[in-house]
Amino acid sequence: MRLSTYFAVVIIGLFFSCQSSGGDEATKSTDIAYSEEAVKAEMIRSWEAYKTYAWGDDVLLPLSKTGFNWYEESLGISPFDAYSTLAVMGLDDYAAEVEAYALSFDWDKDVYVQIFEVNIRILGGLLAIYDFSKNPEVLAKAIDFGDRMLPAFDSPTGIPYHSVNLRTGATAGNKGEGEGNVVNTAQAATYLVEFGVLSYYAKDPKYYQAAKKASKAVFDRKSAIGLPGDYINVETGEWTNNWSYLQAGVDSYYEYMFKSAVLFPDPEILAMWEFSLAKINEYYADEYNGKLFYACVDMHTGEKVKQSMSLYDAFFPAVQALHGDLENAERNMATWDWLWNKYGLLPTRYLYADDSIEYANSELNPEIVESAYYLQQITGNEKYTAMIRQYWQDMNECCRNETAFNAVEDVRTKEAKDYLATYFYAETLKYFYLAAVDQEVFNFNDYIFNTEAHPFKKSHFNADSLSTYLGIID
Ligand code: DMJ
C-alpha cells in the first residue's frame, strides 16, 4: 500500500467517522457551478476552515472541527501544501501568511519523519514558495530541511531509509509495513524533482546526486525482463516482494524519471524512463472488455497476478499525455472516467476482472482530475472539461460539508469520514482551478508539477547552469 494510503487509513482509523454525511442539507445542491470563481471560493472557504480549527497542525479534521498531527510535533503540512495553490489563485495575502509561517518554522525537531512524505509535501512546498517568491530566507529554510533529509540516503545501496530524525539524522525503518529496512519502490525513488530543484537553487549537486543514486539503485535491480518489484531492502538491495505495477507503492518512481528528465538534461535518467515506459506497455497494459487497464504482474515472468486499479494510478494518463502517447493516454483516461461514473467517485481499489471493490474508501484524491487537466491542455478537447465539471459536481455533492470537504468511508454509501488530506489543498483544488482558467493566467506548458502538484517554472532553470549545479555529466 502506498505510504500516503497507509497513512490515511491508519490515521483515520484512530478517529471516529461520522455515520451520516458531515454536511447539512443546505450545503448540497444539484446545480453546482464549475468555474474559476467557484473553485477559488471553495479554496478560500476550506482554507479559512483550516485556519480557524487547525492552524499550526498538520491536518484539518473537518467534521470534529479540530486539528491533527502526523507526529508528536506538528510539521505544518497543510500550509506547506496549500501555498502554491493560494499563489496560483492570486490569493496573495493568504500566501504571504504561509510564507511568514514557513520562515518562523524551526526544523530542529527531535522527530522521525517519513522521508517520502516530507519530500513531496514539505521540501516540495518550500521550494515552490521559493520558486514563486524568490525570497532567499525561504531558500535557506529549504536547504536546512534538505540537509536534515540527506542522512536518510546514507545506506549501503543509496536507497533512503524509511524515516529520519530531523534533529539527529538517525534513521529508522518502517514499523508499520514489513521488515524495518524495507521500503516500497515509490518511497525508494521519488526524489529527483525536488532534489534537482534544490541542487539548482543551492548550486550544490549533492542533493540531485543522492536522488539519482537512489533511482539508479532501484532501476539497476530490475528483473531479467526489465521490471522493478514493489518492496526492497535498503541495506541489501534485495526485493522482498516481486509484484510490479503502476499503482500506489511504485507510481511516482516512474513519474519522477520522466518529469525530472523534462526539467533537467540528464540523458541517463531519460534513457531509464524510455526503457521503463516500453516495459510498462509490454507487461502491465491489459486489454479487458474493450478497455485499457494496467495490471499487476510478476516482475520475473510478466504474468498477471492481479487485475486491479487503485485510484492513485489515475495519474498515468497525465504522464502518457505529457510524453506524447496520446492514444494510450486517452484510452486510459476513458477507463478512469468509466470507473468514476460507476460510483460518482473513485474507490481506493477496484478489481476490474471481478467487477468488485476491494477498498471502498475515497480520500478526495487528485489524480483523475490531474489527468483530465493534462489531456484538456494537451488535446484542447472539450470533453475533458466536461469530465472535470462532472467530477467537481460529484465531489461537491458527496463531500462538501459545512466546514470544508471530507473523505468518504465507502463510495457506494458516501458515508462521511472525518479527514481532509493535505493534498486536497495542494493538488485537488489546484487542478480543478487550473482547468478553469485562461492560458494567460497560468500556462500549463511553462511548468512541471511535482507529484504533490507544486509547480516549478521551466524557464527558471537555466540550461547552461543545470548540468553544473546538478553534477550531470554527459
Ligand atoms: C499525493 O500525496 C501525491 O500525489 C502522491 O504521489 C500520491 N498521491 C497522493 C494523493 O492521492
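**Exercise 1. A loop residue**

Is Ser64 buried, partly exposed or exposed, and what is its relative accessible area?

*Solution.* The model is predicted: local features need pLDDT of at least 70, side-chain atom pairs count only at pLDDT 80 or more, and totals for chains, interfaces and linings use all residues. Residues are numbered from 1 along each chain as its sequence is written, and side-chain values use heavy atoms, with hydrogens and water left out.

Step 1. Find the residue: Ser64 sits in the loop between β1 (59-61) and β2 (66-68). Helices (H or I, at least four residues) and strands (E, at least two) are DSSP runs, numbered from the N terminus.

Step 2. Apply the classes: buried means under 20% relative accessible area, exposed over 50%, and partly exposed in between (1.4 Å probe, protein chains only). Ser64 has a relative accessible area of 28%, so Ser64 is partly exposed.

Step 3. Look at the surroundings. The side chain of Ser64 makes a polar contact of 2.5 Å with the side chain of Asp418. A polar contact is a pair of N or O atoms within 3.5 Å; within protein, one must be able to donate a hydrogen and the other to accept it, and residues adjacent in sequence count only if both atoms are side-chain atoms. From C-alpha to C-alpha, Ser64 and Ala54 are 11 Å apart in space, and they are 10 residues apart in sequence.

**Exercise 2. Two domains**

Describe how domain 1 and domain 2 meet.

*Solution.* Step 1. Domain 1 covers 1-67 + 307-436, and domain 2 covers 70-87 + 106-263 + 438-474. Taken over C-alpha atoms, the centres of domain 1 and domain 2 are 23 Å apart.

Step 1. Count the contacts (heavy atoms within 4.5 Å). On the domain 1 side 43 residues take part, and on the domain 2 side 45 residues.

Step 2. Give the area. The size of an interface is often given as the accessible area lost when the parts come together. Here buried area is the accessible area (1.4 Å probe) that two parts lose on being put together, summed over both. Domain 1 and domain 2 bury about 3,800 Å² between them, with 59% of it on carbon and sulfur atoms.

Step 3. List the polar pairs. Between domain 1 and domain 2 there are 16 residue pairs in polar contact (both at pLDDT 80 or more), while the count of salt bridges is zero. A salt bridge is a side-chain nitrogen of Lys or Arg within 4 Å of a carboxyl oxygen of Asp or Glu.

Step 4. Name the elements on the domain 1 side. Those that each supply at least two residues to the side touching domain 2 include α1 (3-13), α2 (36-54) and α16 (422-434). The largest share, nine residues, comes from α16. The residues of this side divide into 27 nonpolar, eight polar and eight charged. In this count Ala, Val, Leu, Ile, Met, Phe, Trp, Tyr, Cys and Pro are nonpolar, Asp, Glu, Lys and Arg are charged, and the others, Gly among them, are polar.

**Exercise 3. Salt bridges**

*Solution.* Side chains of opposite charge can pair when their charged atoms come close. The whole structure holds 26 salt bridges.

Step 1. Glu42 is buried, because its relative accessibility is 9%.

Step 2. Asp144 is partly exposed at 24%, whereas Arg148 is buried at 18%.

Step 3. Lys383, at 42%, is partly exposed, and Glu330, at 24%, is partly exposed.

Note on methods
Domains from an automatic or database assignment.
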